[in-house]
Amino acid sequence: MGVSQIPCFDFSEEALNQIQEGSEGWKCLSHKVREACESHGCFLVVYDQIPAKLREEMFFGLKPLFQLPEETKKKYTSSIQFNGYLAKSQRAPLLAVFGIDDPSKLDTAEDFTNLMWPDGNPSFCETLHSMSSKMGELNRVIMKMIFESFDMPKHYELNSKNNSCSFRLMKYDAPPRDSDPIVAIPAHTDQNTLTILCEDEVQALEVFYENSWNQVAFPKESLLVLVGDALKAWSNGRLHASKHRVTMSNNKERYSYGFFGIPKPGTTVEVPQQLVNKEHPLRYRPFTFSDYVSFIASHRTDEALEFYAGI
Ligand SMILES: O=C(O)CCC(=O)C(=O)O
Ligand SMILES: [Fe+2]
């Protein structure tokens with residue numbers, strides 16, 4: 001296991017205030033972000049615009065949520081693939097997940113919390129709504145930087161209209177005492193565009209680069225950003241989709257949550273003409289994102305993107 005040398009960028013309010021969108025400083029940071037997406041497929045951002053109190057409230061709210069009876073949790077279903085309540089499974093034996101449809105919309109957050117707590121839970125509803133809005137804003141800035149680094153700001157406008165999100169809340173049970181480490185989510189790439197993750201104090205997330213697994217050490221107030229298959233495909237394979245997994249090795253439970261940027265149902269993922277040339281011949285055929293996700297649901301395979309859309 002290597003020591004984490006994941007690129008880390010300062011996205012603090014103070015740092016971002018010094019660079020206006022479109023300025024030289026902004027372009028320079030956009031370029032570094034793109035380089036990290038090409039070399040590692042992931043990077044850390046120090047992001048103080050999520051107050052420490054909001055982070056605490058999020059973790060504080062997750063515990064009672066996952067303690068609800070299984071019948072209650074199962075009531076949360078969704079028409080979007082991999083959203084809804086996903087109980088522990090053979091593939092992920094310690095993990096339970098809520099994949100929630102875009103809770104940065106207040107009514108979606110309310111529908112979810114009213115279903116889980118029939119008397120309502122306005123404080124957790126507000127926490128979920130605020131956290132997903134703040135992570136959504138960070139996603140917007142990073143996507144904008146990536147598109148600008150390719151000198152394609154117009155494509156950002158087009159893509160942002162078709163972008164939605166899924167917010168995932170995750171709980172990993174503690175492995176039995178004295179057990180060997182347990183792979184709680186096997187190695188995978190995310191299918192979506194960009195994922196932004198936050199974990200509690202139990203460090204268990206690993207990313208694969210330079211031929212080895214590296215545990216992610218989150219600096220204070222940081223989040224991990226990962227490139228997914230849809231963004232890799234859009235970039236004609238220039239950006240690298242980060243392979244990652246979760247390995248639980250202590251007798252402690254773990255909570256994490258993440259913002260998953262996803263193209264809206266029916267959106268086509270297509271390599272723009274500007275990214276195809278002699279050096280970079282077309283690598284992926286256009287595909288409908290939701291069809292790709294349905295394909296994965298029935299054919300879990302390594303290199304799914306190459307298999308499904310590779311030319
Ligand atoms: O729990 C984590 O930190 C990672 C979860 C993850 O990789 C996923 O949900 O795709
Ligand atoms: Fe993942």
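Two strands pair if DSSP finds at least two bridges between them, and strands themselves are DSSP runs of E with at least two residues, while helices are runs of H or I with at least four, both numbered from the N terminus. With these terms in hand, one can read that Glu199 stands opposite Ser256 in S12. The model is a predicted one, in which local features need pLDDT of at least 70 and side-chain atom pairs count only at pLDDT 80 or more, whereas totals for chains, interfaces and linings use all residues. Residues are numbered from 1 along each chain as its sequence is written, and chains are lettered from A and ligands numbered from 1 in the order in which they are written.

**Overall build**

- The secondary structure of the protein comes to 10 helices and 14 strands.
- The radius of gyration, taken over C-alpha atoms, is 19 Å, close to the 19 Å that the globule rule gives for 311 residues, so the protein is as compact as a globular protein of that length; the rule is 2.2 Å times the number of residues to the power 0.38.
- Taken along the principal axes, the C-alpha atoms fill a box of roughly 55 × 45 × 40 Å.
- Of the 311 residues, 36% count as buried, a word used when 20 or more other C-beta atoms, placed from the backbone, lie within 10 Å of a residue's own, with exposed meaning 12 or fewer and partly exposed anything in between.
- Among contacts (C-beta atoms, placed from the backbone, within 7 Å) between residues at least 6 apart in sequence, 76% join residues at least 24 apart.

**The sheet of 8 strands**

- This open sheet has the order S1-S2-S10-S7-S12-S5-S4-S3, and its pairing is mixed.
- Its edge strands are S1 (8–10) and S3 (84–86), each of which pairs on one side only.
- Within this sheet, S7 and strand S12 (residues 254–263) run antiparallel and are joined by 5 bridges.

- Strand S6 (residues 182–188) is joined to S11 by 4 bridges, and His188 stands opposite His244 in S11.
- On strand S8 (residues 205–209), which also pairs with S11 over 4 bridges in the antiparallel sense, Phe208 has Lys243 as its bridge partner.
- S11 has a covered face made of His244, Val246 and Met248, and an uncovered one made of Lys243, Arg245 and Thr247.

**Around ligand 1**

- The residues around ligand 1 are Arg168, Met170, Ile185, Asp190, Leu197, Glu199, Leu205, His244, Val246 and Ser256, where being near means that the C-beta atom, placed from the backbone, lies within 6 Å.
- Strands S5 (163–172), S7 (194–199) and S11 (243–248) are the elements that give two or more residues to this shell.
- The shell divides into 5 nonpolar, 2 polar and 3 charged residues, with Ala, Val, Leu, Ile, Met, Phe, Trp, Tyr, Cys and Pro counted as nonpolar, Asp, Glu, Lys and Arg as charged, and the others, Gly among them, as polar.

**Two residues with positive phi**

- Glu210, in the loop between S8 and S9, has a positive phi of about 45 degrees although it is not a glycine, and Glu210 is exposed, with 9 other C-beta atoms within 10 Å.
- Glu303, in the loop between helix H9 (289–298) and helix H10 (304–309), has a positive phi near 55 degrees, and Glu303 is exposed, with 10 other C-beta atoms within 10 Å.

Definitions and conventions
Two residues are in contact if their C-beta atoms, placed from the backbone, lie within 7 Å.
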